Amino acid sequence: MKLHVSGDVTVPGDKSMTHRALMFSAVADGESRLRGLLPGADCRSTASVLRALSVDVPVPPADGSEIRVVGRGIGAWTEPREWLDCGNSGTTARLMMGLLASRPFNATLTGDDSLRSRPMRRITAPLERMGARFQELGASGTLPIEVGGGPLRPLHYASPKASAQIKSAVLLAGLGAGVPVSVTEPVLSRDHTERMLRGLGEFVQTSVADGAVHVSLTPSGRALPPLDLSVPGDPSSAAFLVALALLADEGELRIRDVCVNPTRTGFFELVARMGARIARENQREEGGELVADLVVRPARLRGIEVGGQEVPAAIDEIPMLAVLAARAEGETRITGAGELRVKETDRIAAVAGNLRALGVDAEELEDGLIVRGTDRPLSGAVHSYDDHRVAMAFGVLGACPENSVEIDDRAVVDVSFPGFWELLAGVTGQSPD
Ligand code: S3P
């Protein structure tokens, strides 16, 4: 049987932009209008955390329709009565630490088992240097953590990692406290925080010097104006559909209105190196971000080497890339991706273990993996490890008719891509279960 793909589809709103849009609306003074928000569980966590701080933030609706958030400035946030549950969402926990660092009250952040095992000192260390206090209430360096906020000092922070969460936490702390901050990072990580702040009239500078990227914010001291924003489709979600179209035997898939911010398009560039051709149509700038339609056709893929500087712009897509590599000719070697070990699960171990369970020759490296492609039918049972992207990457492989892939928990995709299985079925003409 052949896999035929066809469709003209959209993917849910960008997760990183949705978190930030909700947070900035809660900091702003006035009524923000937000469209196309991701309704996934991670963004629902951000909305509920903001509600617990007394900002009236609706649940992002399933159909992406407009919501209104009435902010009264960050000064109107009140001390929460309960712990703030960030669920599975690292971005919620880490960016909220930045905003809470300047508040004159205590607040405790927590999350699910996965989030409570993820490292937080990368955030608390720079914020402590600004004057915030943190009390780790669980295992060392992890949530739950009580944030003791107050007046903050300016900071210049040389971040050892290209991490948008670290950079954003420092920028948001500076914004909330009204003090200048700057962050140097080895490679530019996703820059939605900077773009939104500029769009709201704040002075944010980005420059490259001595092989590093310097980002600085000098807060205006004025209240942020309300946002009027349409969030484009998430390129990290589009990556799964792109991969599906590449693996198909025939057909063409159009994915409309995808955010193609250059800090997010690493996966598309890497698969192009593997032999894919992804056309961008109707490219335009919207709300300070590049947006385009992607048109993808099946392709014969070959293995590549991926490493170092190219990893940050593809970090969330490496699981899908490694799974695609199982269907490419030759070997794919991914290095410089040690951060994958501290995502929602250890994604290096998860992907390599699952690939091996399906009969693929896959090897774990400390900071990446080696995958040797095969065209044998792949069959077996894999684990999602409670990780949305692991489940979706193997879901794509399982959609190829020659393979038989059983995934233990398919519901976990709700974290970032509600409706994933239905969309996959829709473009392949298969049944969603
Ligand atoms: C995100 C930043 C990235 C990414 C995560 C979302 C963000 O994490 O992996 O899914 O929205 O800022 P790091 O900052 O840890 O690289």
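Predicted model: local features only at pLDDT ≥ 70, side-chain atom pairs only at ≥ 80, totals over all residues.
As for handedness, the crossing of α8 and α9 is right-handed.

Now look at which side chains are involved. From α8 come F267, L270 and V271, and they meet M320, L321 and L324 of α9. Sorted by class, this contact holds 6 nonpolar residues, with no polar and no charged ones.

One of those residues, F267, takes us on to the aromatic rings. Searching the whole structure turns up 4 aromatic pairs. Among them is F267 with F268: the ring centres are 5.9 Å apart and the planes stand at 75 degrees, so this pair is edge-to-face. Are these two buried or exposed? F267 has a relative accessibility of 1%, so it counts as buried. F268 has a relative accessible area of 8%, so F268 is buried too.

Another pair to find is F417 with F420. Their ring centres are 5.2 Å apart and their planes are at 65 degrees, which means this pair is also edge-to-face. Both F417 and F420 are buried. Which aromatic cluster do F417 and F420 belong to? Together with F240 and W421, they form one aromatic cluster.

Methods
Residues numbered from 1 in each chain as written. Heavy atoms only, no water. Left-handed = near helix turned anticlockwise from the far one by under 90°. Helix = DSSP H or I, 4+ residues; strand = E, 2+ residues; numbered from the N terminus. Contact = heavy atoms within 4.5 Å. Nonpolar A, V, L, I, M, F, W, Y, C, P; charged D, E, K, R; others polar. Phe/Tyr/Trp six-rings, centres within 6.5 Å; stacked < 30°, edge-to-face > 60°. Buried < 20%, exposed > 50% of the residue type's maximum accessible area, 1.4 Å probe, protein only.
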